[in-house]
Amino acid sequence: MNRHITFTINGKKKEIQIDVRQSLLEVLREKLGLLSVKQGCAVGECGACTVLLDDVPIDACLYLAVWADGRSIRTVEGESREDKLSRVQQTFVDEGAVQCGICTPGFVMAATSFVEKHKQQKVSRYEIRRGLAGNLCRCTGYDTIVTAVQKCLDEDDA
Amino acid sequence: MFNFKSYARAGSVQEAIQLLGQNPEAHLIAGGTDMLVKLHKGKAQFDHLVDIHDIAELKFITQNDANDIIIGPLTSFTQVAESELIRKHIPVLSQAVLTIGGPQVRNMATIGGNLCNGVPSADSATPLIALDAAVMIEGRDGSRQMPLESFFLGPSQVALEHHEILTAITITRDNYADYSGHFHKYAMREAMDISTIGCSAVCKLKDDTLQDLRLAFGVAAPVPIRCKGTEDKVRGRKITPKLLTDIAQSVPADVRPRTSWRAAKEFRLQIITTLAQRVVEQAILNAGGTVQ
């Protein structure tokens with residue numbers, strides 16, 4: 001059940017062979033070595049496998065790799081530029097929004113899309129929580145994560 | 001790797017109908033958020049897939065010449081929730097679909113998939129049956145239309161023949177134009193949860209009377225249901241606090257909740273009577289009415 005697909009991954013065009021039974025999560029990890037994409041629950045509950053598909057967050061565990069044909073995917077590996085972390089990544093570090101780290105790449109991608117979507121908008125902490133509701137974290141209690149996102153949006157204002 | 005045995009990709013509605021016809025065991029996969037979970041759990045009855053994920057002709061939200069609103073079944077919940085047309089004319093639907101899953105799931109899951117799964121907890125179903133939505137179905141022998149309410153036959157059973165697929169969901173102008181609505185989902189968490197009870201009310205007011213009410217519940221019976229007994233009793237009545245308590249007293253006769261691990265039947269009945277009042281009251285307020 002093999003197919004060739006072409007997609008853009010972190011800004012680079014790639015053509016690869018996949019099996020139609022593979023999830024995007026498996027292809028990203030096993031074929032492309034993008035290990036930031038974690039498998040947590042594998043059923044779309046935890047968000048650890050969040051990637052951006054055409055800039056929209058999805059759970060890569062519930063997405064067939066074949067559907068990515070012709071689309072553009074972003075993972076945490078593509079967010080930093082020349083050893084400089086993206087603003088969302090740096091703010092997560094500054095606010096201590098990272099503890100054990102397993103949920104962090106998924107959170108960073110969900111937060112990145114949230115910040116891009118809500119640029120120049122006044123957003124409440126509650127709305128940030130709702131915007132990140134598809135990601136679970138067992139360490140931080142979420143507060144530092146929400147603060148990090150708020151800070152990214154506030155900086156936009158300035 | 002998911003463990004399905006055959007996979008065929010449909011590029012159009014006609015192709016999907018043909019592919020279903022060729023394989024009596026085939027199941028449709030759309031957004032994948034339910035089907036891939038079933039496959040992950042190794043459910044063998046879903047071994048053969050016809051993939052309709054990328055059928056472009058089923059992704060749309062539009063208004064026809066009669067101003068009816070028509071939604072393509074492969075429209076994602078995010079697209080439904082953010083559609084200007086939906087937010088302007090049927091905000092109750094936007095409100096309901098925003099309670100489903102989390103952002104990632106809403107970006108992938110489709111409104112047609114939610115309906116065709118046929119589960120009693122489908123959060124998009126109660127606003128749509130309250131709005132008297134109709135579904136358009138296409139198959140080998142042509143197309144047919146039916147009320148969404150009669151599309152639901154039982155738990156995980158809908159009125160689709162094997163070779164048929166859902167192609168449109170229609171809300172006619174007369175069913176939304178003068179109506180306002182409200183939705184509430186009772187669940188244990190505010191996101192990423194399945195409804196314990198879902199409730200939608202849409203109403204039309206005339207001066208201080210309730211000219212029309214449509215009240216619908218999810219998880220209150222084997223299928224999403226309307227409370228037609230209650231609706232008939234209150235149509236045309238003056239809007240008073242007594243009206244709301246009468247609605248609460250009347251709804252238990254319209255519903256058939258059961259006990260599951262999520263909630264006991266008695267608890268569900270309690271939620272249903274409470275939500276009936278609160279959701280109808282908010283729908284009345286949204287319509288510009290007052291309860292006094």
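Student: Which strand of chain A is joined by 2 bridges to strand β1 (residues 2-9) of chain A?

Tutor: The model is a predicted one. In it, A:Ile9 has its bridge partner, A:Ile73, in β5(A). The two strands run parallel, and the partner of β1(A) is strand β5 (residues 72-74) of chain A.

Student: In what order do the 5 strands of the open sheet of chain A lie?

Tutor: The pairing in this sheet is mixed. From one strand to the next, the twist averages 40°. The order of the strands in chain A is β2-β1-β5-β3-β4.

Student: Why is one side of β2 (12-19) and of β4 (56-59) of chain A left without a neighbour in the sheet?

Tutor: Both strands, β2(A) and β4(A), stand at the edges of the sheet. One side of each is therefore left without a neighbour, because each has a single partner strand.

Student: At about what angle to β3(A) does helix α3 (residues 104-117) of chain A run?

Tutor: Helix α3(A) lies across β3 (50-53), β4 and β5 of chain A. Relative to β3(A), the angle of the helix is about 35°.

Student: Turning to chain B, which strand is joined by 4 bridges to strand β1 (residues 6-9)?

Tutor: B:Tyr7 has B:Leu49 as its bridge partner, and B:Leu49 belongs to β3(B). The two strands run parallel, and the strand joined to β1(B) is β3 (residues 48-51) of chain B.

Student: What are the domains of chain B, and how far apart do the C-alpha centres of domain 2 and domain 3 lie?

Tutor: The domain assignment divides chain B into domain 1 (6-51), domain 2 (57-175) and domain 3 (180-286). For domain 2 and domain 3 of chain B, the distance between the C-alpha centres is 20 Å.

Student: Which element gives the largest share of the side of domain 2 of chain B that touches domain 3?

Tutor: The contact involves 20 residues of domain 2 and 24 residues of domain 3 of chain B. On the domain 2 side, two or more residues come from each of α5 (91-97), α8 (125-130) and β8 (152-154) of chain B. By class, that side has 11 nonpolar, 7 polar and 2 charged residues. The largest share, 5 residues, is given by α8(B).

Student: How far apart are the axes of helix α12 (residues 241-250) and helix α13 (residues 265-286) of chain B?

Tutor: α12(B) passes α13(B) in a right-handed crossing. Residues of the contact include B:Leu244 and B:Ile247 of α12(B), with B:Ala276 and B:Val280 of α13(B). The contact divides into 5 nonpolar, 3 polar and 1 charged residues. The helices pack at an angle of about 145°, and their axes are 8 Å apart.

Student: Finally, which helix supplies the largest share of the side of chain B that touches chain A?

Tutor: The contact between the chains takes 26 residues from chain A and 21 residues from chain B. On the chain B side, α2 (35-40) and α6 (103-108) each supply at least two residues. That side has 11 nonpolar, 9 polar and 1 charged residues. The largest share, 5 residues, comes from α6(B).

Definitions and conventions: Residues are numbered from 1 along each chain as its sequence is written. Chains are lettered from A and ligands numbered from 1 in the order in which they are written. This is a predicted model: local features need pLDDT of at least 70, side-chain atom pairs count only at pLDDT 80 or more; totals for chains, interfaces and linings use all residues. Two residues are in contact if their C-beta atoms, placed from the backbone, lie within 7 Å. Ala, Val, Leu, Ile, Met, Phe, Trp, Tyr, Cys and Pro count as nonpolar, Asp, Glu, Lys and Arg as charged, and the others, Gly among them, as polar. Two strands pair if DSSP finds at least two bridges between them. Axes are lines fitted to C-alpha atoms, for helices over the stretch in contact, and angles run from 0 to 180 degrees between N-to-C directions. Domain bounds come from an automatic or database domain assignment. A crossing is left-handed if the near helix is turned anticlockwise from the far one by less than a right angle, and right-handed if clockwise.
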